[in-house]
Amino acid sequence: MTTTTAPAAGAVAPRQHAPAHRPSLLRLTVVELRKLVDTRAGRWLLITIGLVAAAIVTLQLIYAKDAEQTFVNFFTPSLLPVGVLLPVLGILSITSEWSQRTALTTYALVPRRDRVVIAKLNAVMLTALASVLASLVVAAAGTLVASATGGAGTWRIDALLLLHAVVLQVTSVLMGAAFGLLLLNPPLAIVGYLLLPTLWGVLGEMVRPLRGPAGWLDTSRTMEPLFASDVLTGEQWGRIAVSLLVWMVLPLAAGLIRTLRREVS
Amino acid sequence: MITVENLTKRYGPHPAVDDVSFHCEPGTVTGFLGPNGAGKSTTMRMICGLTAPTAGRATVAGRPYRELPNPGREVGVLLDASAQHAGRTGREALTLSAYTMGLDRREVAAKLDLVGLNAVAAKRRVRAYSLGMRQRLGLAQALLGDPRVLILDEPANGLDPEGIFWMRGLLRDFADRGGTVLLSSHLLREVEAVADRLVVIGGGRIVAQGDKSELLSGGGTLVRARDGAALRRALDAAGLSAADGSDGVVVQADAETVGQAAADAGIALTELRPAGSGGLEQLFLTLTAGESTKEAVR
């Protein structure tokens with residue numbers, strides 16, 4: 001930007017400046033990360049995720065048998081509640097632009113909407129990774145307390161479990177974001193995200209002919225092996241892939257198209 | 001510079017904007033006038049790439065808006081002052097935009113200061129802002145990247161008289177230094193005071209455009225009679241197009257024709273004068289008479 005000779009107070013002059021570069025994806029990702037924490041709602045959602053992980057470890061410390069108070073046993077149970085809250089974060093990151101009507105500003109500054117969406121997906125995936133880190137930290141704290149209070153306090157953790165945890169949390173946040181992109185409305189997307197898979201799960205249990213497909217399409221069943229450190233078979237990965245194709249990839253693709261075409265007003 | 005060529009937007013069979021063309025030159029303020037639902041906002045959203053046109057095109061600084069690499073540095077846009085996250089502070093909203101555009105953080109404080117939002121206001125959440133404060137924040141956001149073009153939709157809405165006066169000076173100054181301003185309003189007096197050129201839209205179509213002085217001189221004739229209904233009948237019988245103004249009937253004909261029509265019908269007039277002195281409001285009412293003013297249904 002060129003400097004102008006001190007303009008009169010309150011004056012606005014159109015300045016000639018060097019040709020502006022388009023904002024990089026990294027810059028847009030930082031902006032989206034900042035949007036996750038700069039409102040009270042966003043901040044509390046993140047704090048809640050941390051608190052839930054801590055609460056799970058505390059309950060384990062109080063109620064679990066001493067021999068079971070190990071690092072892995074503190075870490076694994078915290079994945080489930082955190083994995084329920086992360087998609088809400090993904091949903092809100094996408095849909096609040098429309099419910100709060102900030103899309104008008106966002107897409108006026110960055111008309112390439114696909115880049116904004118990619119930046120948002122980057123931001124929520126980074127948050128999912130951070131949540132795994134948070135789970136590890138509270139599990140470590142739990143293990144320290146356990147070894148001091150007579151629990152087993154074993155530290156051993158299989159690297160595979162860590163990989164599973166990362167896959168689990170990243171895909172759940174992306175599933176939420178996909179629902180948000182598709183529905184573009186916070187209550188609808190949250191209810192849809194929480195209700196549809198559950199409904200599907202119940203139907204899969206009750207209706208016999210659905211039981212077979214449910215084994216491939218019900219994410220709560222296909223993802224279950226990820227809560228352990230056993231090596232997954234090709235079929236198990238296949239089931240995960242198929243269920244994610246339906247609940248994550250398809251809504252992401254359809255939602256991206258909808259977001260690109262939608263009129264911003 | 002803004003160029004709009006044959007822009008058209010249809011929602012189903014209903015054309016919200018119908019074959020609109022105009023352009024705005026550097027150094028001028030263009031007033032974009034029309035009643036509610038005339039298609040002003042839709043046109044502006046199409047210029048800014050937020051709504052895809054059914055036909056036609058628009059360019060800003062020589063390129064379609066969507067192809068500008070960093071639009072905030074070229075064009076300041078304020079389309080709706082209430083489109084801010086209620087839970088963010090005013091300063092935070094600007095900080096996000098400044099970072100997106102790659103601006104120095106000091107610009108945020110400078111622009112907040114410029115629009116008269118003090119440190120206390122800047123730290124408050126937008127939820128607690130009055131409409132006037134939101135307009136000021138929106139204007140700060142539009143000016144943030146030091147653009148050469150401003151596109152503002154009803155920026156005077158919610159501002160107090162002092163604020164309107166201040167904004168008028170700011171926009172005039174911006175244009176006098178070589179900037180291009182497109183400003184929509186239904187506050188006719190406000191536009192009359194600041195605009196060089198006028199584009200008047202009604203029912204999605206442009207009904208008049210040109211230099212303000214040119215347009216105002218062709219404002220028709222204002223006529224009044226004790227028996228208003230009889231006057232209207234006489235004007236209709238003479239085939240003159242008439243519209244009710246705030247203080248009489250505005251007729252698109254010269255005083256002689258109008259006077260003769262009244263005399264033929266034996267009507268005593270209480271007033272007969274060029275409507276031009278009545279200003280833009282008469283013109284506006286005349287031009288949009290009979291045009292649909294219902295809200296665009298989407």
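UniProt positions are given here in the numbering of this model, with shortened feature names, and such annotations may be inferred rather than shown by experiment. The unreviewed UniProt entry annotates "transmembrane region" in chain A at residues 44-63, 75-95, 116-141, 161-183, 190-207 and 237-257.

This is a predicted model, in which local features need pLDDT of at least 70, side-chain atom pairs count only at pLDDT 80 or more, and totals for chains, interfaces and linings use all residues. Residues are numbered from 1 along each chain as its sequence is written, chains are lettered from A and ligands numbered from 1 in the order in which they are written, and side-chain values use heavy atoms, without hydrogens and water.

**Chain A: annotated spans**

- Residues 44-63 of chain A are 100% helix and 0% strand, with end C-alpha atoms 27 Å apart.
- Residues 237-257 of chain A are also 100% helix and 0% strand. Their end C-alpha atoms lie 28 Å apart.
- Helices (H or I, at least four residues) and strands (E, at least two) are DSSP runs, numbered from the N terminus.

**Chain A: a helix pair**

- Helix H3 (residues 71-99) and helix H7 (residues 186-206) of chain A have axes that come within 9 Å and cross at roughly 155 degrees. Axes are lines fitted to C-alpha atoms, for helices over the stretch in contact, and angles run from 0 to 180 degrees between N-to-C directions.
- H3(A) is therefore roughly antiparallel to H7(A) (over 145 degrees; under 35 is roughly parallel, 65 to 115 roughly perpendicular, the rest oblique).
- Contact (heavy atoms within 4.5 Å) involves residues of H3(A) including A:Val84, A:Ile91 and A:Ser99. From H7(A), A:Pro186 and A:Tyr193 are among them.
- This contact has 10 nonpolar, two polar and no charged residues. Ala, Val, Leu, Ile, Met, Phe, Trp, Tyr, Cys and Pro count as nonpolar, Asp, Glu, Lys and Arg as charged, and the others, Gly among them, as polar.

**Chain B: an open sheet**

- Three strands of chain B form an open sheet in the order S2-S1-S4, with antiparallel pairing. Two strands pair if DSSP finds at least two bridges between them.
- The edge strands are S2 (14-24) and S4 (55-60) of chain B.
- The twist averages 20 degrees from one strand to the next.
- Five bridges join strand S1 (residues 2-11) of chain B to S4(B). B:Ile2 stands opposite B:Val60 in S4(B).
- Helix H1 (residues 40-47) of chain B packs on the sheet and touches S1, S2 and S4 of chain B.

**Chain B: a hairpin**

- Strands S8 (residues 197-202) and S9 (residues 205-211) of chain B run antiparallel, joined by six bridges.
- B:Leu198 has B:Gly210 as its bridge partner in S9(B).
- Two residues lie between the strands, and B:Gly203 takes a positive phi near 55 degrees.
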